[in-house]
Amino acid sequence: MIRCLCSPCNALAHVVSRSVWILGVLVLAFALAGCKPRQIVPRNPLLLLSAEREAIQYRRLVLPNQLKVMLVSNPRASRSAAAMAVGVGSLSDPKERPGLSHFLEHMLFLGTENYPEADSYSRFMASHAGGGNAYTADDHTNYFFAVSHDAFEEGLDRFAQFFIAPLFDPTYAEREMNAVDSEHAKNVERDYWRTRQVQSRHYRADHPINRFSTGNLETLRDVGREELLSFYRSRYSSNLMTLAVVGNVSLDELEARVRPRFGRIVDRNLSRPRFPEVYLRPQAALRLLRIQPVADQRLLVLHFPMPPSQRHYDAKPLRVITSILGNEGEGSLLSLLKQEDLASTLSAGGSESTADYASVELSIGLTPKGQEHYEDVIAYVLGAIEGLRRQGVPRYLYEENRVMAALDYRFREVPGSAAVARRLSALMQSVPLEDLPDKPFLLSKYDTELYRKFLRRLTPDNMLVTLVAKGVRTDQTEHFYGARFSYEEQTGAAYGRLLAIGPDPRWHLPAPNRFIPERVVLRAPDGPLKLAGASMYHLRDDGMPQPLLERLRPLEGETYTSAGALLARMEAILPEEARRPWLPALLRDSVALPVRLLDIPQAKVWYLPDWRIRQPKAEIILKFHTDGAYDSPRRAMLAKLYEAAIEEDLNEWGYPIKEAGLGYGISEQKGALVLTLSGYSARMLELLQVLVERLQRIELSDTAFASIKERMARGLINQRLDQPYRQSRYFSRMLLRAPNFTREALLEALEPLNLADVQGFAAVQLRRTYLEGVVVGNLPRDVAAAAVRRALDTLGAEVLPASRRVKETVLRLPPQADWVYSDRLAVNNSLMHFIYQVGQTNPTLRGALLLIARPMGERFHFRMRTQQQLGYIAWAGMGQMRRMLNLTFLVQSGQYPADVLQRRMEAFMPEFIADFKAMGEEDFERYRRAVILAKLRRPKSLEEVASQLFWVAFRHDGKFDHISEDIAAVEALTRQQVEQVLVRYLRGEGKKRLAIRLLGRDHAAGPPKGKVVTLPATVRAEAG
């Protein structure tokens, strides 16, 4: 061994990689250089990128005021973020004030002593590429935000003031009370909320879970500042709070920002709220709720209260148990129910979870026969539970869960900073700091006694059954949602039969899953990279010193054939001391350019390796354009039935594959069959071949097909009961996009179709195709190309000419159009939706609209929702239909009719134009910076990378570096140019508007204003 004893060489020990071959190179280099110290940087791209992923650091703190803090230093974070969880939720509401916690959550955003303006916080976020929100859960409330790195310090200061000195301004208390009421109003006709409330009122009357959690005007009326302040002081204390902070700076710097601000929160030394474990007392009876739904659905829910499980994150008893009961493979409970034509879907999981209690809930989508014989469904469920109780959780199923949990955590997608902070702050409420961040996501203890303990609670006397279906017998009305229901307790022989149920002999535990990955390999990416304009922005935001940026500036726009070529070029440009910290960033921040995997008459497929996410996973999107599948409503419904039939046919076979982290999906998209594959890449191409082989045949029973068809019909009918803002999307598509068919036409076409029709469709539909596709991630290029070619050969299809492919078009409104579409809804919320068409997309116009949309969205929301209390849903921004850009405004209200919404929204337009004209240059530059930062936001998952690549390749002219072009356009725009666009298209000669006016069931309405259009639109001009 060559050994150097001089101190400079010893000082280099910390830069030596763990890889043995690198160590050998270093030792030899030292020997040849006579121990002259120099930095050695590995040229292997995989090692450089892996080091980047491992750069995230954590620090756990407890401040003197007992506030628990988790700091996360992530050099790759695109924005900084923070989240505060407070150990107080709706369960802590005073009995006489349901919804007070939720109301207080709203009020904290509306001004503090240091920042008193009610819209100050939202304006700050909008002008610094940020956003914030909050939610109120049963046992905690969580506040969170994300913002640009350069604004993070001020963002933290503003955020900390929520918990130090909120104003609870009486001016806004009454208005925000209306916002809470509007939030409730939008949920009044949603079956999830109705069912949840009816269920909760049948839990123990003296348990806080029994209450109405969200609040409305009735429960919050007359709540003033003093009551809010008193509740805040009696419930909010630093010792009940947990803070998570994510930034791209060092842990020391994050700590220096946190301590002086959040250390000022008052420690009132409050006791953590505790709640009784038992919220449904055991009873020797079948407790049955029947609820009449708004939508046409058939659902059977079996709810079992459980002991608290949060502290058992090492063994995860509820996850392990419900993964078995919710299995959909051969021999499963769902398989058995399908064989008996009793159910079509089943999900199992937890619905209630606090530190004091938990639950297991099974939700079963019933067939018509299942609704009639729901007692049999209950019996089959209890039989499966008894079978699991007798056999116990076998070691191999635990091991499968353990292996997948470890793999999924190791190769997890790193979410956005706000999501990381939100999740960590919530976990800190129940998990010791020393076990974060990883242990709640891993499985480390096989505890058979613990599993038996929880299984012993899955019994008839600890069960509440809810049957949600049209036509059920009801005799009562729930107060807050108006849901019709009935409740009964069946004892005697009916209950006795439940106690005697054993497992059906056809049910069995899942077989060992042969698809669980035994070994995953992370491949080194290879492909062209471009040092683009966007790359320079990323490097600057990552903190690259200005002198280094200037060295790189002459290279902007250069493309390199491989990572090796880029690294070699950078090593020639960068000084030695800059290589170690900046070569990985250059790999990450360069624009990865895809290459053609296939470009033949039958197909065009693009390939992009994984440069940033760094997972042994891949995403494949294959869109097979087919012949005539969208020529008529009948063909459109045949395609939809074909999609559903294939999914059902493959479900039992494919379920173990999905459990092993390898997913697939089959969907119909207007004349095309889209096949998607995602997850661990090791066996993905094998799966692709199997799926393609099964696409042209359907092996399904008449009973199963009838269930699919019936569900599809109910789905079309239930669309009429969607939230108005969702229905508005449907109407905008019908009015502005072609081809399209109304849901009424589709429903009519569906009625006569049978299984033979769909099987015939499957046999011929893929005889002529054209494939558009992308392959992204951890797959070798040549192997992927061969697999896609093999799939095409298996189909044996002829080439579908371009003239037979569906071309979707967007309809251009005529000059000075003022169109209005009006419809009366079956739900009791009204909506106004304005769409101002602007023009065909180009970087300059798109940039101008983004610069308008950022301040416009924030101010529209504040004026419509906070100041005027029109409704909980109030949104404005830029939209895009294929290549057509627009400005869009939307308000939904349970209180105000559509005509009132229209007047108020129209009054906003000149007000905003005046505000924009009065905007200072400094504010405008902040919005410009925010737009650019939003453009630079990186995809957080391979799925997002693949979706973006598909859109750019086939819908955006293959402009793979369009972000650089967009940023350059935004930088070049003057405020006067943006102002001209705003005035021209909102108030001037370029104004072209479609108003979608949806009238609540019982809301008054006058005649519509403008040119009335129907479906389809009266005048249509193709926009391309």
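Two strands count as paired if DSSP finds at least two bridges between them. I applied this rule to a predicted model.

**Entry on the sheet.** I looked up which strands lie side by side and found an open sheet of 6 strands with mixed pairing, in the order β28-β29-β27-β30-β26-β31. I noted β28 (873-881) and β31 (1011-1012) as the edge strands, since each pairs on one side only. I then examined how β31 is attached: 2 bridges join it to β26 (residues 818-824), and the two strands run parallel. Opposite Val-1012 in β31 I found Val-820.

**Entry on the helices at the sheet.** I recorded that helix α27 (residues 724-736) lies across β26, β27 (830-840), β28, β29 (884-893) and β30 (993-999), and that α27 runs at about 135° to β30. Helix α32 (residues 898-917) also packs on the sheet, where I found it touching β27, β29 and β30. The direction of α32 makes about 40° with that of β27.

**Entry on the cores.** I looked up the largest nonpolar core and found 71 residues, with Phe-624, Tyr-642, Leu-675 and Leu-677 having the most contacts inside it. Its largest share, 11 residues, comes from helix α24 (residues 633-659). I also noted a second, separate core of 55 residues, which includes Leu-100, Met-125, Ala-134 and Phe-262. In soluble globular proteins, nonpolar side chains tend to be buried together.

**Entry on Tyr-642 and α24.** Setting aside neighbours within four places in sequence, I listed the contacts of Tyr-642; among them are Leu-673, Leu-695, Val-758 and Phe-761. I traced α24 and found a bend of about 65° at Asn-651. After α24 comes Gly-661, for which I noted a positive phi, near 85°.

Key: Residues are numbered from 1 along each chain as its sequence is written. This is a predicted model: local features need pLDDT of at least 70, side-chain atom pairs count only at pLDDT 80 or more; totals for chains, interfaces and linings use all residues. Side-chain values use heavy atoms; hydrogens and water are left out. A nonpolar core is a set of buried Ala, Val, Leu, Ile, Met, Phe, Trp, Tyr and Cys residues joined through side-chain atoms within 4.5 Å. Buried means under 20% relative accessible area, exposed over 50%, partly exposed in between (1.4 Å probe, protein chains only). Helices (H or I, at least four residues) and strands (E, at least two) are DSSP runs, numbered from the N terminus. Contact means heavy atoms within 4.5 Å. The bend at a residue is the angle between axes fitted to the seven residues ending there and the seven starting there. Axes are lines fitted to C-alpha atoms, for helices over the stretch in contact, and angles run from 0 to 180 degrees between N-to-C directions.
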